[in-house]
Amino acid sequence: MDCLFCKIINGDIPSKKVYEDESVFAFYDIAPQAPVHILVIPKVHIPSMDGISADNADIVAKIFTVIPKIASDAGLTNGYRVISNCGDDACQSVKHLHFHILGGAQLSEKMA
Ligand code: AMP
């Protein structure tokens, strides 16, 4: 499958990994939009939020249990933001479900 994030998971494309277990992978965003900008992704290929169903929702629950640990390990003790862009209107550029963790500074009150 020609998916950038699947290639990162497989090690075919290098990344700055911050977390990995049997089903979740996390790494620093290559073009950070905050002092700390980490991407958290399922190892299984799900194209976007629209691909979440009862059959695979367990991985999303798992990701949301891992995010606080990743944020804490990254030093985000004063808060952080989690975003998932879905589809063209949200400017999703990589069609593999991912959650942005943004922090390390006071973020904008505006989210769009
Ligand atoms: P989105 O626009 O929500 O689809 O987010 C995709 C994110 O992937 C963007 O923030 C990009 O900067 C990031 N990105 C693209 N290529 C890479 C890469 N090779 N390594 C790390 N992050 C990447």
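Biologist: Which element gives the largest share of the shell around the ligand?

Modeller: Keep in mind that this is a predicted model. To read a shell, list the residues around the ligand, then sort them by element. Here H1 provides the largest share of the shell, three residues.

Biologist: Which elements give two or more residues to the shell around the ligand?

Modeller: Those are H1 and E2.

Biologist: And what is the make-up of that shell by class?

Modeller: Ten of its residues are nonpolar, five are polar and one is charged.

Biologist: Which residues come nearest to the ligand?

Modeller: There are 16 residues around the ligand, and the nearest are Asp-29, Asn-85, Ser-93, His-98 and His-100. Next, look for polar atoms facing each other. Asn-85 has a polar side-chain atom 2.8 Å from an oxygen atom of the ligand. For His-98, a polar side-chain atom lies 2.9 Å from a ligand oxygen atom. With Ser-93 it's a backbone N or O atom, 2.7 Å from an oxygen atom of the ligand.

Biologist: How much of the ligand does the protein bury?

Modeller: Taken alone, the ligand exposes 500 Å², and the protein buries 84% of that.

Biologist: How do you look for empty space in a model?

Modeller: You roll a probe the size of a water molecule over the atoms, and that shows where empty space is left. In this model, the largest pocket has a volume of about 830 Å³. Its lining has 34 residues, and Asp-29, Ala-31, Gln-33, His-37 and His-100 are the closest to its centre. The elements giving two or more residues to that lining are helix H1 (4-10) and strands E2 (24-28), E3 (36-42), E4 (80-83) and E5 (99-103). H1 gives the most, with three residues.

Biologist: What classes do the lining residues divide into?

Modeller: The lining has 21 nonpolar, nine polar and four charged residues.

Biologist: And which space does the ligand take?

Modeller: The ligand takes the space of the largest pocket.

Notes. Residues numbered from 1 in each chain as written. Predicted model: local features only at pLDDT ≥ 70, side-chain atom pairs only at ≥ 80, totals over all residues. Heavy atoms only, no water. 1 Å grid on protein atoms, 1.4 Å probe; cavity = no way out; pocket = protein on both sides within 12 Å on 5 of 7 lines; lining within 4 Å. Points joined across faces, edges and corners; volume = space filled by probe spheres on them. Helix = DSSP H or I, 4+ residues; strand = E, 2+ residues; numbered from the N terminus. Nonpolar A, V, L, I, M, F, W, Y, C, P; charged D, E, K, R; others polar. Near = heavy atom within 4 Å. Polar contact = N/O pair within 3.5 Å; in protein donor to acceptor, adjacent residues only side chain to side chain. Areas by Shrake-Rupley, 256 points an atom, 1.4 Å probe, with all protein chains shown as cover. Sits in = over half its atoms within 2 Å of the grid points.
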